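Me: I would like to learn how to read a protein structure. Please take me through one.

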Amino acid sequence: MRQRSNLVPDDHSEGAASPARASTGGKSIANDPPGPQWSTAVSDFVFASTSWLPLFLLGIVASGEAGLITAFGSIGAAASMGVLRFAGVAPSVTRPLHEAMAGFAASVGMPMFGVGFYYHELNEQEEVLPTLVLLVGAWSLFALMAPAKSKFTELYRTLFSFGGVIMIVLRSIELIRQPLDAQMSPRAGVLGIAGAVLIVLAGVVVTPDGKYHKLNILRVDVFHYVLSVAHVLLAWSLVLQRPFAPAA
């Protein structure tokens, strides 16, 4: 049986951010328990918090940086809906909404994370970033119109998610080799690489399916917590590069 990519969430995924299923998680509706699944609701809440808090506490929204706003926002929204779904709130409503939002986050979350991270501090951001946002957005809408389990959708999400991770790694390497100023340590680059590594580990090693039977822990919960740490590391790296300032 062909194995589905684990770096991007599909339309039946369990959570939102990230990395191909690194935005949310992956549990089919058919496998949802009849009642609340509190451990996953809690892990989704933590994951959502590490998406929303950087947006507002660090000033990302006020800065107007479209790539990062789209990335954190789409992942945070899907994870928040996952909280309601696994808390058992109006399942007939929250399940399909969660699937749709997770599908959107899977298509745009990780690619836009890479774009936003890469151009956060570069001088050419004002010219290049809007073009890339438009390009990725157009491809994302096209992917969303395709069936959730089509080969095109899976390939698109995998390639663009890995592309987002690669952009984070490349920018981080640049920061380590040549800090932005004499006072800046390579810490921002190290944190960026650490966040990217956790994203890949979450999607490829942890994966959101099944459970650790000896520990009786759902893999999707560990998946969410690993991605939450990745979000914290990446947000820390962004602030070290340049604190977010309100858009002029």
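This is a predicted model: local features need pLDDT of at least 70, side-chain atom pairs count only at pLDDT 80 or more; totals for chains, interfaces and linings use all residues.

Me: How many helices and strands does the protein have, and in which pattern do they follow along the sequence?

Reply: Start by listing the elements. There are 8 helices and 2 strands in the protein. Along the sequence the pattern reads α-α-α-α-α-α-α-β-β-α.

Me: What share of the residues counts as buried?

Reply: A residue counts as buried if its relative accessible area is under 20%. Of the 248 residues here, 51% count as buried. The protein exposes about 11300 Å², and 70% of that is supplied by carbon and sulfur atoms.

Me: How far does helix α6 reach from its first C-alpha to its last?

Reply: Compare the span with the one expected at 1.5 Å a residue. Helix α6, residues 151–177, has 27 residues and reaches 39 Å, close to the expected 39 Å.

Me: Which residues of α6 are buried?

Reply: Among them are Thr 153, Tyr 156, Val 165, Ile 168, Ser 172 and Leu 175.

Me: At what angle do α6 and α7 pack?

Reply: α7 is the helix of residues 187–206, and α6 packs with it at about 155°, the axes being 7 Å apart. Angles over 145 degrees count as roughly antiparallel, so α6 is roughly antiparallel to α7. The crossing of α6 past α7 is left-handed.

Me: Which residues make the contact?

Reply: On α6 they include Val 165, Ile 168, Ser 172 and Leu 175, and these four are also buried. On α7 they include Ala 188, Gly 192, Ile 193, Ala 196 and Val 200.

Technical notes:
Residues are numbered from 1 along each chain as its sequence is written. Side-chain values use heavy atoms; hydrogens and water are left out. Buried means under 20% relative accessible area, exposed over 50%, partly exposed in between (1.4 Å probe, protein chains only). Accessible areas come from the Shrake-Rupley method with a 1.4 Å probe; for residues, only the protein chains shown count as cover. The expected span of a helix is 1.5 Å times one less than its number of residues. Axes are lines fitted to C-alpha atoms, for helices over the stretch in contact, and angles run from 0 to 180 degrees between N-to-C directions. Angles under 35 degrees count as roughly parallel, over 145 as roughly antiparallel, 65 to 115 as roughly perpendicular and the rest as oblique. A crossing is left-handed if the near helix is turned anticlockwise from the far one by less than a right angle, and right-handed if clockwise. Contact means heavy atoms within 4.5 Å.
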